[in-house]
Amino acid sequence: MSEQSSSLMNSVTPCSECQAGHMHRQYIAYYTWLGDELITVPDFPAWVCDICGRCEYDENALTRLTLLLSPNAGKNLSSNLRLRKRENVKSKLQRPSQPE
Ligand SMILES: [Zn+2]
């Protein structure tokens with residue numbers, strides 16, 4: 001038995017769990033731990049079955065996220081993951097003190 005599922009042009013793939021439903025591309029929340037910090041990605045691309053509800057995170061996106069979160073790629077971190085965390089802390093603004 002050999003599966004041929006190399007049709008990348010088709011955005012809907014059959015579910016590997018129930019084999020009756022189809023995996024639809026959706027954006028769901030993704031959580032992962034980076035050291036002691038819980039990283040939240042609110043709109044992470046994933047594939048969700050419309051029958052059994054099986055959820056698979058997009059492999060390409062996972063790979064990119066892993067690269068982003070890896071220490072070696074820290075300098076390249078252009079995503080807004082860290083910016084989001086900052087926004088929560090930014091509740092009290094520090095007024096810049098300018099000498100006259
Ligand atoms: Zn399914």
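This report describes the fold and the confidence of a predicted model of one chain.

Local features require a pLDDT of at least 70 and side-chain atom pairs a pLDDT of 80 or more, whereas totals for chains, interfaces and linings use all residues. Residues are numbered from 1 along each chain as its sequence is written.

The chain comprises four strands and two helices, in the order β-β-β-β-α-α from the N terminus. Both kinds of element are DSSP runs numbered from the N terminus (helices: H or I, at least four residues; strands: E, at least two).

The four strands form an open sheet with the order 1-2-3-4 and antiparallel pairing; strands pair if DSSP finds at least two bridges between them. Strand 1 (13-14) and strand 4 (55-57) are at the edges with a single partner strand each, so one side of each has no neighbour in the sheet. Two bridges join strand 1 to strand 2 (residues 22-34) in the antiparallel sense, and H22 in strand 2 is the bridge partner of P14. Helix 1 (residues 59-69) packs on the sheet and touches strand 2, strand 3 (37-49) and strand 4. Contact requires C-beta atoms, placed from the backbone, within 7 Å.

Confidence is expressed as pLDDT, the predictor's confidence in each residue, from 0 to 100.

| Region | pLDDT |
|---|---|
| Chain | average 77 |
| Strand 4 | mean 95, highest |
| Helix 2 (residues 81-89) | mean 52, lowest |
| Residues 5-9 | under 50 |

In the chain, 60% of the residues score at least 70. For residues 5-9, the model has one contact beyond four places in sequence.

Note on methods
Contact = placed C-beta atoms within 7 Å. Axes fitted to C-alpha atoms, helices over the stretch in contact; angles between N-to-C directions.
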